[in-house]
Amino acid sequence: SDSMWPHPQYRPGLDSAARAEIYMEAKRANAVMGYLAAVHYVDDQIGRVMHTLRETGLDSNTIIVLFSDHGYHLGEKKKWFKLSMWEKVTHVPFAIIDPRQQGGRVSYENVSLIDVMPTILDFAGVDPASLRFPDGSKYLDGQSLKERVTQANADPGYQRPALSTYRSEEHTSELQSRQYLV
């Protein structure tokens, strides 16, 4: 029967451009659904980790660091996926959960993913600045964010640019709310 036909039936009056637009809309909707499904899956996995930490009693002394390597376009300005240097791609989720800290706060300060390792080391009691190459040069370029997480009144004048590079030919520098694409 026609109701079992696997492809959508188009009106006979549609030209190829209209059919192409319908097809592209379906692809866009599928890409957004895939992205949202991935976010939901990651959220579920984080929930499983949190549940296990609570069940085992490790939730009171485990610091959790969550981050992504890049943002994602979902069709804004006809951009898709991660292939640009615009804000949607250069901004990433980054959370540090320290169970010893009461409450929580959101910060809009610029930080960089090169800050992740020094921060984890600092929380573990290792001074990131003490790590050196044999020639004495610094091993890590990032800065620990521990003070920003643990002290509610950490330096309010903190400003540092966040730098990003894509394919060695596109670069951005962001300071506060201004982004510069080179």
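How many salt bridges does the structure hold? I find three. I counted a salt bridge where a side-chain nitrogen of Lys or Arg lies within 4 Å of a carboxyl oxygen of Asp or Glu.

Ground rules for this notebook. This is a predicted model, in which local features need pLDDT of at least 70 and side-chain atom pairs count only at pLDDT 80 or more, while totals for chains, interfaces and linings use all residues. Residues are numbered from 1 along each chain as its sequence is written, and side-chain values use heavy atoms, with hydrogens and water left out.

**Salt bridges**

I began with R28. Its side chain meets that of E21 in a salt bridge, 2.8 Å from N to O. R28 also meets E25, at 2.6 Å from N to O. R28 and E25 both sit in helix α1, three residues apart, about one turn of the helix. For helices (H or I, at least four residues) and strands (E, at least two) I use DSSP runs, numbered from the N terminus.

Next I looked up exposure. Buried means under 20% relative accessible area, exposed means over 50%, and partly exposed is in between (1.4 Å probe, protein chains only). E21 is partly exposed at 43%. E25 is partly exposed, with a relative accessible area of 43%. R28 is partly exposed at 24%.

Then I turned to D98 and R100. Their closest N and O atoms are 2.9 Å apart, in a salt bridge. R100 is exposed at 52%.

**Aromatic pairs**

I paired rings of Phe, Tyr and Trp (its six-membered ring) if their centres lie within 6.5 Å; planes under 30 degrees apart are stacked, over 60 edge-to-face and the rest tilted. The count comes to two aromatic pairs. I wrote up one of them, F67 with F94: the ring centres are 6.3 Å apart and the planes stand at 85 degrees, so this pair is edge-to-face. F67 lies in strand β1 (residues 64–67) and F94 in strand β4 (residues 94–97), so the pair ties together parts 27 residues apart in sequence. F67 is partly exposed at 43% relative accessibility. F94 is partly exposed at 25%.

**Second largest pocket**

I took a pocket as an open set of points on a 1 Å grid over the protein atoms alone, where a 1.4 Å probe fits, with protein on both sides within 12 Å along at least five of seven lines; lining residues have an atom within 4 Å of a point. The second largest pocket has a volume of about 440 Å³. Of its 16 lining residues, the closest to the centre are Y35, V39, V42, S68 and P93. Which element gives the largest share of the lining? That is α1, with six residues. α1 (16–56), β1 and β4 each supply at least two lining residues.

**Nonpolar patch**

Last, I checked the surface. M117, F133 and Y139 make a nonpolar patch of about 300 Å². Such patches take residues with over 30% relative accessible area and no salt bridge, nonpolar side chains (Val, Leu, Ile, Met, Phe, Trp, Tyr) being joined within 5 Å. F133 is in the loop between α3 (116–123) and α4 (146–150). F133 is partly exposed at 38% relative accessibility.

Note on methods. Patch = residues over 30% accessible without salt bridge, like charges linked within 9 Å, V, L, I, M, F, W, Y side chains within 5 Å. Areas by Shrake-Rupley, 256 points an atom, 1.4 Å probe, with all protein chains shown as cover. Points joined across faces, edges and corners; volume = space filled by probe spheres on them.
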